[in-house]
Amino acid sequence: MKIVQGFIVRKIVDQSIVVPVGFKNVGFHTMISLNNSGAFLWQQLQTEKTEDDLLSAILEEYDIDETIALEDVRVFITKLKKAEALE
Amino acid sequence: MGKVTIADLNIEIDLMNHQFYYDRFQKYGNNGFEKNDLKISVSSCGKILIPEGGIIGQVKDTIILRLEKDRYCRYLVDSQSREIIQATFYNDTYSEVEIKLLNRVPETGLYLTEYEYMYTGFAFSDFLCLSGGAVLHGSLIAYENQGIVFSANSGIGKSTHAGLWKKYFGNKVAILNDDKPAIRFYQGVPYVFGTPWSGKSDLNENKKVQLKSIVFIRRADTNRIEKLSARNSIFNLMSQISRPFYDENLGLKTMDTIDRLVQSIPIYQLYCNVSHEAVETAWKQLRTEGVISK
């Protein structure tokens, strides 16, 4: 999976926000803001990744329990799928 | 062809409906400029032919084409008859816009002048957006020459609330625009202008005031107001400032403007009913926080 074209992350004030631009903008009524680990995962998903890839990457980047990390990755993926931001 | 200056932009505009021009644009008339920033023309015909060009994208019944030499066309097809209802031709800087409308309006519930209103509004908004400004959906008042925009989805009551300020403060308040005021920055300070695109009412004035605050309105039984976090300010602004889907660059420019607005002025959410107390709730907060003087 990876991020579909048409979404960008903009830093506005202190918030990293996923913004649909262009055609993705039509009918998009939710707003996704990213915390640090969310922004990190978003960056990872610029290229094709599996759930395992994301888990490994986040474990390498952050000092975090594997069970919690896996839960975070899954919640994040669900959020992006719901927003149709993943392909 | 009329020459007008709207939000400090010199515009040559050629409308079909002269009464519409007289009612809405006359007060922006300015024959004092030679070079225009933007040129908009509107015409109607019995059949709009599909222009030749490469399709860039399609969203529902709107198709965007790239024509020759930095020219584009965006056209709308009627979902029933498949006829082209309108086509907008424009250059890459949105400074030359030609709008063609089908003179037999299908049963969309809109009159030709309403299409004229809508598409000239888009043309203005696109150009303003590229110039670093934005059109915000809301009612703009000048309270003692200080600009406040009440914004909300249609039907929530922003015009009603703006009207209440006029009712209670009388001559201290002027309603400068009742639907689509224009925002521009000058040396980092946001200003807001009345525009002819004032919705169903003719309430608009050719005036510019410093923008002091944007207040998003929600209906409620009891009145209260809260300052919005950056996140919620952005979310609300993204809902009420149109971000054109047909051009990613314009979409990005709009985000720049939203960024600047959130950093420049306080933004509030007002939960209100239709009452004097609703006005008082907002006014007190803006006064207490030093957003407005007097």
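## Cysteines

Is Cys272(B) buried or exposed? In this predicted model, Cys272(B) is buried, its relative accessible area being 7%. Cys73(B) likewise counts as buried, because its relative accessibility is 0%, and the cut-off for that class is under 20% relative accessible area.

Across all chains, a search of the whole structure returns zero disulfides.

## Extent of the interface

Chain A and chain B meet through 20 residues of chain A, which are in contact with 22 residues of chain B. The area buried between chain A and chain B comes to about 1,800 Å², and carbon and sulfur atoms give 68% of that area.

## Polar and charged pairs

Between chain A and chain B the count of salt bridges is two. One salt bridge joins Arg10(A) to Asp259(B), with the closest N and O atoms 3.5 Å apart. The count of residue pairs in polar contact between chain A and chain B, both residues being at pLDDT 80 or more, is two.

On the side of chain A that touches chain B, the strands β1 (7–12) and β2 (15–20) of chain A each supply at least two residues. The residues of that side of chain A comprise 10 nonpolar, seven polar and three charged ones.

Note on methods:
Residues are numbered from 1 along each chain as its sequence is written. Chains are lettered from A and ligands numbered from 1 in the order in which they are written. This is a predicted model: local features need pLDDT of at least 70, side-chain atom pairs count only at pLDDT 80 or more; totals for chains, interfaces and linings use all residues. Side-chain values use heavy atoms; hydrogens and water are left out. A disulfide is a pair of cysteine sulfur atoms within 2.5 Å. Buried means under 20% relative accessible area, exposed over 50%, partly exposed in between (1.4 Å probe, protein chains only). Contact means heavy atoms within 4.5 Å. Buried area is the accessible area (1.4 Å probe) that two parts lose on being put together, summed over both. A salt bridge is a side-chain nitrogen of Lys or Arg within 4 Å of a carboxyl oxygen of Asp or Glu. A polar contact is a pair of N or O atoms within 3.5 Å; within protein, one must be able to donate a hydrogen and the other to accept it, and residues adjacent in sequence count only if both atoms are side-chain atoms. Helices (H or I, at least four residues) and strands (E, at least two) are DSSP runs, numbered from the N terminus. Ala, Val, Leu, Ile, Met, Phe, Trp, Tyr, Cys and Pro count as nonpolar, Asp, Glu, Lys and Arg as charged, and the others, Gly among them, as polar.
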